[in-house]
Amino acid sequence: MRVLLSTWGSRGDVEPMLGFAVALRALGADVRMCAPPDFAEQVARIDVPMGAAGQSVRELVHGAKPSSAADAPRVAAELVASQFDTVATAAQGCDALVATGLMPAGQRSIAEILGIHYVCVTFTPRVLPSPHHSPLPRPGRPFPPGEIDNRVLWDVDAERVQALYGGQRPPGRARPATGGQRPRPILHRPPMAGGGPDPEPVAWVAGP
């Protein structure tokens, strides 16, 4: 089996995928990775083929002109476009695509177009909609003032995600292959790395 592990984000997103790559390879899988260019040296240490995906995280956050909240729509569009330039190419010939990171937008569509299995994973429960915690900060529509039920806050967050990523189109398609960005409710309790399952059913964060 050939598996592509794809992530764009910080060290907290990339390093767990390095361990996952080693574990998969020990089971006999042919593993390759797509990650920000900042992590090429770390990936080389485990001798896994890597394709650079998206721009440098370090440059985006700490470069000569760091990205601001006003840049979010442009950065989101560039990030999704880069997935179809890099991840789609690396996924050719793979049996499965496992994605994580800041927002794996576009990756589910890539798997769908290629007809391969897709799994979206997270290393923190805070990015999964749940009545037990509020969403992480994100550019877009402000939350209502006062003490608001977490379910309402996640509805607002879904609008933010849709506004940032929902307009991006896979090449050659008139609309996103999987429609809305979120939610996609599931009825079982998904396991999360480093901890137990959420006490109630949650929804996976899924890209277009």
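Predicted model: local features only at pLDDT ≥ 70, side-chain atom pairs only at ≥ 80, totals over all residues.

Reader: How many disulfides does a search of the whole structure find?

Author: A disulfide requires two cysteine sulfur atoms within 2.5 Å. The sulfur of C34 has its closest cysteine sulfur in C94, at 8.7 Å, which is too far for a bond. Over the whole structure, the number of disulfides found is zero.

Reader: Is C34 buried or exposed?

Author: A residue counts as buried when its relative accessible area is under 20%. The value for C34 is 1%. C120, at 13% relative accessibility, also falls under that limit. C34 is therefore classed as buried.

Reader: Which element gives the most residues to the largest nonpolar core?

Author: This core has 23 residues, and those with the most contacts inside it are L4, V87, L97, I110 and Y165. At least two residues each are supplied by α4 (72–90), β4 (96–101), α5 (107–114), β5 (117–120) and α6 (150–165). With seven residues, the element that gives the most is α4.

Reader: What is L97 in contact with, leaving aside its neighbours within four places in sequence?

Author: Contact here means heavy atoms within 4.5 Å. On that basis, the partners of L97 include L4, V87 and I110, which are also listed among the residues with the most contacts inside the largest core.

Reader: In which sense do β1 and β2 pair?

Author: Strand β1 covers residues 2–8, and β2 covers residues 30–35, of which five of the six are buried. V3 stands opposite V31 in β2. Over five bridges, the sense of the pairing is parallel.

Reader: Through which helix does the chain cross from β1 to β2, and what is the hand of this crossover?

Author: The path from β1 to β2 runs through helix α1, residues 11–26. This β-α-β crossover is right-handed.

Reader: Which residue in β3 is the bridge partner of M33?

Author: Strand β3, residues 50–52, pairs with β2 in the parallel sense over three bridges. The chain crosses from β2 to β3 through helix α2, residues 40–45, in a right-handed β-α-β crossover. In β3, the bridge partner of M33 is M50.

Methods: Residues numbered from 1 in each chain as written. Heavy atoms only, no water. Buried < 20%, exposed > 50% of the residue type's maximum accessible area, 1.4 Å probe, protein only. Core = buried A, V, L, I, M, F, W, Y, C linked by side-chain atoms within 4.5 Å. Helix = DSSP H or I, 4+ residues; strand = E, 2+ residues; numbered from the N terminus. Pairing = 2+ DSSP bridges. Right-handed = clockwise from strand over helix to strand, strands pointing away.
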